[in-house]
Amino acid sequence: MMMTRERLVQIQNAVADTKLQNAVYSATARLKEKRQEVVEELPEYQELRTHAAALKKHALENLDHYLEQFEANVIAHGGKVVWARDGDEAAGFILDIARQRGVKMVVKSKSMVTEEIHLNQRLEEHGIEAVETDLGEYIQQLAKEPPFHIIAPACHKTRQDIAEIFRKGLNTECGDEPEQQAGLARRVLREKFLEAGIGISGANFLVADSGALLIVENEGNARLCTTAPKIHIAVTGIEKIIPRAQDLAVFLKLLARSATGQLLTVYTSLLGGPRRPGDVDGPEEFYVVLMDNGRSRLLADKEKRESLNCIRCGACLNACPVYRKIGGHNYPWTYSGPIGAIITPQYKGVLQDPWLPFASSLCGACAEVCPVKIDIPKILLDLRRDVVAERTQASSNRLEKWAFQGYSWLMRHPRLYALAGRLGAIGAKLPFATRIGPAAKWGQVREVPMPASESFRAQWRKRKAAK
Amino acid sequence: MPGRVSIFVTCIVDQVFPRVGLAMAEVLERIGYTIDFREQQTCCGQPAFNSGYRAEAAQVAEHFIRTFRDADFVVVPSGSCASMIGHHYFDVFPPESAMHEEAQYLGPRVWELSRFLTEVAKVEDVGAKFEQTVTYHDSCHALRELHIKEAPRRLLRKVRGLTLKEMSVAEECCGFGGTFSIKFPEVSGGMARTKIDSIHGTGASTVVSIDSSCLMQLQGALSRAGSKVRTMHLAEVLASREPQS
Ligand code: SF4
């Protein structure tokens, strides 16, 4: 089914893994319910969504203008903007700086963009240690796994799992209590903050009119990453731009509520450049790496451009019944859940993992919670159309194409449709009928329904005749 | 004032659940409507549309429009098919296409049953009697594309002898999703299990919905789990008059 055997087995295993299912279901349920509570208390919630979507649309339509404005303002504050076409260029820049300054260790705060380009791996290949400092990310790093969820990277782990990961990864005793685990991580990471020569962060928003980047977090680690080391490098996607600082009022009201059900995150940092004379803290050097890595291709597609509206709140993952079953590691790329399902084919090409847009019941729960109103089901449907078009061109879907042509023909010939229906009803009674084709697939997990012995139209005709 | 309504029973009701179509007709007749069943009708085109076959979907959609183009009201026992016609026909027939205007004309004339009863016929009590505890499953397209949440519940509350008990996850998908259910049976089955756990939590004997496809999914999963809970379309409940055994 257009999917590798390996992937299929992994999905089957995930669905059958009760412990994983319980962990993911309850973690996402918590986030989902908290979000629901706080948005219900916000009377202007729907207007805010509309406003946020309009702001994003405007920013994306005028991206070049706002990016230039952003760069000019960053330079004016004494920082530097680095344009990176892809992961090679972004990593190349960071490696150069590290080499020039003799840096052997970097600390990182949460960033999906650096996951996207496998930055840690690239740094380690050059002998530079990269340490994740967000607790969830740190757990995932020790477990040697990519994040499972955009905002809750280790949400699939139980506290017993986490204790085990710490014991193994840090070679030390660790209990099952979350406080104890956080305390242990804090002790280890404090050393790293002091030792690191570079702090690498992502950014939630790039504010064009002030040349600042905004980072939200709950643990204070991003604050340390961006101020303790001598050099701060933010690595982020070009689509994170918003026009004005005042627009933050809209986005900040939506982001934390949608992500964790908080009114605001514990820390909200607006970073505007290197330390100035008289500042008590801050880095000596400040760089913003603006990555394209395929984003301009998405931008060119007007029909699906709104995919770039995403503020990575993760609400669509928590709402998605498919994500909650298959989990974050069964998506082909860094981004999982509904947002992953729509952007992966756009970044990688639709034939890379043609099954992905089809792995949805189109229930629409994602679009309902998306704070920037991305019409995810519509984009999934458009992607399905694109997959079919490309496969038709490559003649790799002949059978399916014939089946749908046959379907269409039959549905335009009501008498033959009725006859086919009756033949089907007889066929369905054959002893092997439920063991072949779609019926067999259906029957794997459900009882197979039997067509009625008399169709509606036949019964209706009789009913009319009797009257 | 009741008059004549066309019914589009949908292909799944025609072939698999004719009793739902008959129940719908009975309810509509009971409140005074005359039923027009057009034998030309087949399918709305959704299977092809959802599978990415737009040209094929457009052909079937065009057949649908030709069948019903002069109907004043088309009542459908399905939120999903009603939404296909009312919303997605515009994806099938974009503004520049020949059928766009026709789709625009017909769209607002197509009514999902519970909506038709409460908003056009303006009745909530259709004289039904059903002495059971039921729980209601919100089907996704009805809920999120047509914003149908209260209409079926209002109708159920007026059924004599019926107790409505909400399940904890009424709004979560049952896992059907058309071809999704056979392309990804494990995931689809897992979603159904989550749903039936919640159904069992209510102690209801019957789960009611306005989409036969969801009910086919849920019934299949309930039977596989050896559950005694049965599924019924809203139309069937509304058509009931006798105490159920
Ligand atoms: S698509 Fe919407 S809901 Fe999903 S992560 Fe992005 S902003 Fe949040």
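Domain bounds here come from an automatic or database domain assignment. This is a predicted model in which local features need pLDDT of at least 70 and side-chain atom pairs count only at pLDDT 80 or more, whereas totals for chains, interfaces and linings use all residues. Residues are numbered from 1 along each chain as its sequence is written, chains are lettered from A and ligands numbered from 1 in the order in which they are written, and side-chain values use heavy atoms, with hydrogens and water left out.

**View 1. Domains and overall build of chain A.** The assignment divides chain A into domain 1 (1-41 + 314-394), domain 2 (45-293) and domain 3 (410-466), and the C-alpha centres of domain 2 of chain A and domain 3 of chain A are separated by 57 Å. Along the principal axes, the C-alpha atoms of chain A fill a box of roughly 95 × 55 × 50 Å. Its secondary structure comprises 22 helices and 10 strands, where helices (H or I, at least four residues) and strands (E, at least two) are DSSP runs numbered from the N terminus. Of the 467 residues of chain A, 56% count as buried, buried being under 20% relative accessible area, exposed over 50% and partly exposed in between (1.4 Å probe, protein chains only).

**View 2. A nonpolar surface patch on chain A.** Trp409(A), Leu416(A), Leu419(A), Leu423(A) and Ile426(A) make up a nonpolar patch with about 510 Å² of accessible area together, the areas coming from the Shrake-Rupley method with a 1.4 Å probe and, for residues, with only the protein chains shown as cover. Patches take residues with over 30% relative accessible area and no salt bridge, joining nonpolar side chains (Val, Leu, Ile, Met, Phe, Trp, Tyr) within 5 Å and like charges within 9 Å. Helix 20 (residues 414-427) of chain A gives the most to this patch, with four residues. Ile426(A) lies in that helix and counts as exposed because its relative accessibility is 56%.

**View 3. A patch of negative charge on chain A.** Glu33(A), Glu37(A), Glu40(A) and Glu41(A) gather on the surface as a negative patch, with Asp and Glu counted as negative, Lys and Arg as positive, and His and the chain ends not counted. The place of a charge is taken as NZ of Lys, CZ of Arg, CG of Asp or CD of Glu. Glu37(A) belongs to helix 2 (residues 18-40) of chain A.

View 4. A salt bridge is a side-chain nitrogen of Lys or Arg within 4 Å of a carboxyl oxygen of Asp or Glu, and the whole structure holds 52 of them over all chains. Glu164(A) pairs in this way with Arg167(A), their closest N and O atoms being 3.3 Å apart. Both residues lie in helix 9 (residues 159-170) of chain A, three residues apart, about one turn of the helix. Glu164(A) is partly exposed at 34% relative accessible area, and Arg167(A) is partly exposed at 27%.

**View 5. Two salt bridges in chain B.** Asp36(B) forms a salt bridge with Arg4(B), with 3.8 Å between the closest N and O atoms. Asp36(B) lies in strand 2 (residues 34-37) of chain B and Arg4(B) in strand 1 (residues 4-7) of chain B, so the pair ties together parts that are 32 residues apart in sequence. Asp36(B) is buried, with a relative accessible area of 12%, whereas Arg4(B) is exposed at 54%. Arg153(B) and Asp138(B) also meet in a salt bridge (2.7 Å, N to O), and both are buried.
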